[in-house]
Amino acid sequence: LEGQTLKDWVVTGPPPEERFRVARQLIRAIYGPFFFAGEIHADPHPGNFMVLRDGRLGLLDFGSIKRFSAPFVAANRRLFLQAVRLEPVALLAFCRELGFTVELPAEEAEPLVREVLHIAGRPMRLHAYDFASCEISRDLKRHFARNAARFLKIRPPPEAVLFFRSTGGLAQNLRLIGARGDFRRVYQEVADLLV
């Protein structure tokens, strides 16, 4: 592949419209394979993505590809569609369907999990989102730190770990790019492909 790694590309000072275009490709590169093939690139550091000379996005290092069970993908597809449509989500039922172990009373677990979704879903709710000043990772870390003892009683299934690694890495890469724009529309594009 001929081009620059994401890290090298971003220091060239690309204009805002290019940052948005590459960010859009990154979102599709993570969620597309997950929703359509049940697979995800689980080593999402910026050296594994390239901006090619013709503007396409190149992916490198397929040594860490995670294949998910059909029920895990189907449940996440429903959650994604509900989040993009701004529909209410029965979060604890969703967590249990995915295989989470929840050892807290519902009245304690529900707001903890809802806040995670609320923080992580900011770009899906806002038509104008600025990843340059994005604080999703910081706010999630603070939420987990303030509630560490309770989160120890909500354990994800093993297959969710690399999903969280990949989507968390996506958020970090989008922040690195510093793209601004209508990311709600980008997530809606992905959702439109699922129906």
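The largest pocket of the predicted model has a volume of about 1,400 Å³. Its lining comprises 46 residues, and those nearest the pocket centre are Val116, Leu117, Ala120, Leu140 and Phe164. By class, 34 of the lining residues are nonpolar, 8 are polar and 4 are charged. At least two lining residues come from each of the helices α2 (16-37), α3 (70-84), α4 (91-98), α5 (106-120), α6 (122-125), α7 and α9 (160-177). The greatest contribution to the lining is that of α9, with 9 residues.

An open sheet is formed by 3 strands in the order β1-β3-β4, with antiparallel pairing. The edge positions are taken by β1 (3-5) and β4 (57-59); each has a single partner strand, so one side of each lacks a neighbour in the sheet. Neighbouring strands of this sheet are turned against each other by 30° on average, direction ignored. The antiparallel pairing of β1 with β3 (residues 49-52) extends over 3 bridges. Within β3, Val51 is the bridge partner of Gln4.

Asn147 lies in the loop between α7 (136-146) and α8 (148-151). The relative accessible area of Asn147 is 10%, so this residue is classed as buried, the cut-off being under 20%. The side chain of Asn147 reaches the backbone oxygen of His143 at a distance of 2.9 Å.

Key:
Residues are numbered from 1 along each chain as its sequence is written. This is a predicted model: local features need pLDDT of at least 70, side-chain atom pairs count only at pLDDT 80 or more; totals for chains, interfaces and linings use all residues. Side-chain values use heavy atoms; hydrogens and water are left out. Helices (H or I, at least four residues) and strands (E, at least two) are DSSP runs, numbered from the N terminus. Buried means under 20% relative accessible area, exposed over 50%, partly exposed in between (1.4 Å probe, protein chains only). A polar contact is a pair of N or O atoms within 3.5 Å; within protein, one must be able to donate a hydrogen and the other to accept it, and residues adjacent in sequence count only if both atoms are side-chain atoms. On a 1 Å grid over the protein atoms alone, a cavity is a set of points where a 1.4 Å probe fits but cannot get out, and a pocket is an open set with protein on both sides within 12 Å along at least five of seven lines; lining residues have an atom within 4 Å of a point. Grid points are joined across faces, edges and corners, and a volume is the space filled by probe spheres set on the points. Ala, Val, Leu, Ile, Met, Phe, Trp, Tyr, Cys and Pro count as nonpolar, Asp, Glu, Lys and Arg as charged, and the others, Gly among them, as polar. Two strands pair if DSSP finds at least two bridges between them. Axes are lines fitted to C-alpha atoms, for helices over the stretch in contact, and angles run from 0 to 180 degrees between N-to-C directions.
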